[in-house]
Amino acid sequence: MDADEPLARLVALGRALRAAGLPVGTGRLLRFSRAAALVPRRDIYWAGRATLVSRPEHIEVYDRVFREVMGGTAPAPPVLRVTRRTLQM
């Protein structure tokens, strides 16, 4: 695997989203690539959704394009676990 391939796939996703009508500019692509570098591979979908999608009505387009470019399906939303913490004052 070429070391530049992951970055090329992220850029390809951004370009495909732009071609599909989403407002994905250079700044968003930069934020996406930074976020993607910080998360496990399984969370790339969420890194992109958080940085490349700005309106709820764009989620359906994002999901479709993500599947086309990155393969697979969109993951289920993460399950948030609430834990009890002791507050110290």
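Mentor: Begin with the core. In the largest nonpolar core, which has 17 residues, Leu13, Leu17, Phe32, Leu52 and Tyr62 touch the most other members. A nonpolar core is a set of buried Ala, Val, Leu, Ile, Met, Phe, Trp, Tyr and Cys residues joined through side-chain atoms within 4.5 Å. Helix H1 (5-19), H2, H3 and helix H4 (59-70) each supply at least two residues of this core. Helices are DSSP runs (H or I, at least four residues), numbered from the N terminus.

Mentor: A word on the source: this is a predicted model, where local features need pLDDT of at least 70 and side-chain atom pairs count only at pLDDT 80 or more, while totals for chains, interfaces and linings use all residues. Residues are numbered from 1 along each chain as its sequence is written, and side-chain values use heavy atoms, with hydrogens and water left out.

Trainee: Which residues is Phe32 in contact with, leaving aside its neighbours within four places in sequence?

Mentor: Contact means heavy atoms within 4.5 Å. Phe32 has Leu10, Leu13, Ile44, Ala47, Gly48, Thr51 and Leu52 as such contacts.

Trainee: How are two packed helices described?

Mentor: By the angle between their axes and the distance between the axes. Axes are lines fitted to C-alpha atoms, for helices over the stretch in contact, and angles run from 0 to 180 degrees between N-to-C directions. Here H2 (residues 26-38) and H3 (residues 44-52) pack at about 150°, with axes 9 Å apart. H2 and H3 are therefore roughly antiparallel, a term for angles over 145 degrees.

Trainee: Which residues of H2 and H3 meet?

Mentor: Arg28, Leu29, Arg31, Phe32, Ala35 and Ala36 in H2 meet Ile44, Ala47, Gly48, Thr51 and Leu52 in H3. By class, this contact of H2 with H3 has seven nonpolar, two polar and two charged residues. Ala, Val, Leu, Ile, Met, Phe, Trp, Tyr, Cys and Pro count as nonpolar, Asp, Glu, Lys and Arg as charged, and the others, Gly among them, as polar.

Trainee: At what angle do H1 and H2 pack?

Mentor: The angle between H1 and H2 is about 140°, and their axes are 10 Å apart.

Trainee: Is Arg34 buried or exposed?

Mentor: Buried means under 20% relative accessible area, exposed over 50%, and partly exposed in between (1.4 Å probe, protein chains only). Arg34, which lies in helix H2, is exposed, because its relative accessible area is 54%. Val39, in the loop between H2 and H3, counts as partly exposed at 29%.

How values were computed
Parallel < 35°, antiparallel > 145°, perpendicular 65-115°, else oblique.
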